[in-house]
Structures are given as C-alpha cells and as structure tokens.
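Keep the sequence and the structure in view as you read.

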Amino acid sequence: MTPSVLVTDGDQRAALAVVRSLGRAGYRVQVCSPRSNSIAAASRFCSASYKCSDPLRDPESFLSDLERLVTSAQVDVVIPISEAALLVVLP
C-alpha cells in the first residue's frame, strides 16, 4: 500500500515543492490550507486538498482539523511546512 502524506500550508511555494517531490517518489500526497484554492493543491501530484484553520490565528482549531484529517483521510505522515504549523504539531 502506498503511504499517504498530508502536507500543510498548501498556499506556500515550499509546500508545492514538497508535493511535487513526494508525488514523483510515488507517495499519495494530500494538501491542507486555510485557503480553498491553494497553489500546492493545483499540482498533478496532489490527490486531495482540504480547507483547514489557520495555525497562526487559531492553533487549537488547526490541530483539531489535522487530527480529523489524519483519521478520515487515512494519513500516515504529516509534513508541516510553515513554522506556525510546526509549532502546533510538534507538542
């Protein structure tokens, strides 16, 4: 079974680069972002995209959104892109 990866901060160019790299390596890549239409979600390697809370404005809701997505989308690995997302996910 192909591992599934959730990349946060899909509105960042770094997220697009990660999605492309993981997709080329054969991973199933999903993206979340506070915006409905993120740059990383437009990649041909993105299998699904989700809207989530902003980690800077509402860290608790962002964490709840991630927990829900990990379960419902069967995510194996979460890759936080921004520092804000990383600081919410690490603890």
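## The D65 pair

D65 counts as buried because its relative accessibility is 15%. Buried means under 20% relative accessible area, exposed means over 50%, and partly exposed lies in between (1.4 Å probe, protein chains only). D65 forms a salt bridge with R68. The closest N and O atoms are 3.7 Å apart. A salt bridge here is a side-chain nitrogen of Lys or Arg within 4 Å of a carboxyl oxygen of Asp or Glu. R68 has 44% relative accessibility, so R68 counts as partly exposed. Both residues lie in helix α2, 3 residues apart, which is about one turn of the helix.

This is a predicted model, where local features need pLDDT of at least 70, side-chain atom pairs count only at pLDDT 80 or more, and totals for chains, interfaces and linings use all residues. Residues are numbered from 1 along each chain as its sequence is written, and side-chain values use heavy atoms, with hydrogens and water left out.

## The D54 pair

How many salt bridges are there by this rule? The count comes to 2. Side chains of opposite charge can pair when their charged atoms come close. D54 forms a salt bridge with R57, and their closest N and O atoms are 3.5 Å apart. D54 is partly exposed because its relative accessibility is 22%. R57 is exposed, with a relative accessible area of 73%.

## Overall layout

The chain has 3 helices and 4 strands. These are DSSP runs, numbered from the N terminus: helices are H or I with at least four residues, and strands are E with at least two. In sequence order the pattern is β-α-β-β-α-β-α.

Along its principal axes, the C-alpha trace spans about 30 × 25 × 20 Å. A compact globule of 91 residues would have a radius of gyration near 12 Å, and this chain agrees because it has 12 Å. That radius is taken over C-alpha atoms, and the globule rule is 2.2 Å times the number of residues to the power 0.38. Buried residues make up 40% of the 91 residues.

## A positive patch

Which residues gather in a patch of positive charge on the surface? They are R13, R20, R24 and R44. Patch residues have over 30% relative accessible area and no salt bridge, and like charges are joined within 9 Å. Lys and Arg count as positive. The place of an Arg charge is taken as CZ. Accessible areas come from the Shrake-Rupley method with a 1.4 Å probe.

R13 lies in helix α1, residues 13-24. R13 is exposed because its relative accessible area is 64%. R13 and A40 are 27 residues apart in sequence, with 7.3 Å between their C-alpha atoms. R20 and S36 are 16 residues apart along the chain, and their C-alpha atoms are separated by 19 Å.

S36 sits in the loop between β2 (28-33) and β3 (46-51). S36 has 51% relative accessibility, so S36 counts as exposed.

D9 is not a glycine, yet D9 has a positive phi of about 55 degrees. D9 lies in the loop between β1 (4-7) and α1. Is D9 buried or exposed? D9 counts as buried because its relative accessibility is 6%. Q74 also has a positive phi of about 55 degrees and is not a glycine. Its loop runs between α2 (59-72) and β4 (77-79). Q74 counts as exposed, at 55% relative accessibility.

Notes
Patch = residues over 30% accessible without salt bridge, like charges linked within 9 Å, V, L, I, M, F, W, Y side chains within 5 Å.
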